[in-house]
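Please read them alongside the sequence and the structure shown below.

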Amino acid sequence: MTLLSKIRLSKKYGKSIYVISAILTVAMSALVIFKPTAIPTCIMLKLISIPIVSYLYTTLSKKVEMYFYLNLGISRNEYHCIPFVVEFIGFVLLMIITGNIGHAIQ
């Protein structure tokens, strides 16, 4: 199984992670547009929110689902880490874009 197919598969089992992280990302990027100096604060907040979301996801999710995806060829570490890594990369790219827009506006 390739990395891209694992990422595509993570969209199915990690929907809630992607939604919660996207809400945080959009809120932080709106802040950065108006105040570009808040980028380090937003990155620290994002790094703090990842373990919190991970803990809530693992404690509140159905354990039966995990075995279905493990049978498709994803390890436990990949099952837990891929959605966070993909979303964090998207977060960093969005921070760069909105930071540049914020600096251009000011």
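1. S10 counts as buried because its relative accessibility is 0%, where buried means under 20% relative accessible area, exposed over 50%, and partly exposed in between (1.4 Å probe, protein chains only). The residue is found in helix α1, helices being DSSP runs of H or I with at least four residues and strands runs of E with at least two, numbered from the N terminus. Leaving aside neighbours within four places in sequence, S10 is in contact with K15, Y18, I82 and P83, contact meaning heavy atoms within 4.5 Å.

2. On provenance, this is a predicted model, in which local features need pLDDT of at least 70 and side-chain atom pairs count only at pLDDT 80 or more, whereas totals for chains, interfaces and linings use all residues. Residues are numbered from 1 along each chain as its sequence is written, and side-chain values use heavy atoms, with hydrogens and water left out.

3. As to the overall layout, the protein chain has 5 helices and 0 strands, and its pattern, read along the sequence, is α-α-α-α-α. The C-alpha trace spans about 50 × 30 × 15 Å along its principal axes. Of the 106 residues, 30% count as buried, and among contacts with a separation of 6 or more, 77% are between residues 24 or more positions apart. The chain exposes about 6800 Å², of which carbon and sulfur atoms supply 74%; these accessible areas come from the Shrake-Rupley method with a 1.4 Å probe, and for residues only the protein chains shown count as cover.

4. Helix α5, residues 76-105, has 30 residues and reaches 44 Å from its first C-alpha to its last, close to the 44 Å expected at 1.5 Å a residue, the expected span being 1.5 Å times one less than the number of residues.

5. A search of the whole structure finds 2 aromatic pairs. One of them joins Y13 and Y79, and it is stacked, at 4.5 Å centre to centre and 20° between the planes. The criterion is that rings of Phe, Tyr and Trp (its six-membered ring) pair if their centres lie within 6.5 Å, with planes under 30 degrees apart counted as stacked, over 60 as edge-to-face and the rest as tilted. Since Y13 lies in helix α1 (residues 3-13) and Y79 in helix α5, the pair ties together parts that are 66 residues apart in sequence. Both Y13 and Y79 are buried.

6. Which residue's charged end sits over the ring of F91? It is that of K46, 5.3 Å from the ring centre, the test being that NZ of Lys or CZ of Arg is within 6 Å of the centre and within 35 degrees of the ring normal. K46 is also touched by S21, which touches E87 as well, not counting residues up to four places away in sequence. S21 itself is found in helix α2, residues 15-34, and counts as buried because its relative accessibility is 5%.

7. Helix α3 has 22 residues, which should span 32 Å at 1.5 Å a residue, and its end C-alpha atoms are 31 Å apart, which agrees. Its buried residues are C42, K46, S49, V53 and Y57, and these pack against α1, α2 and α5.

8. Two further residues of α3 deserve a look. S54 lies in this helix, residues 39-60, and counts as partly exposed because its relative accessibility is 23%; its C-alpha is separated by 21 Å from that of G73, 19 residues apart along the chain. T58, likewise in α3, is partly exposed, with a relative accessible area of 21%, and its C-alpha is 14 Å from that of I20, 38 residues apart along the chain.
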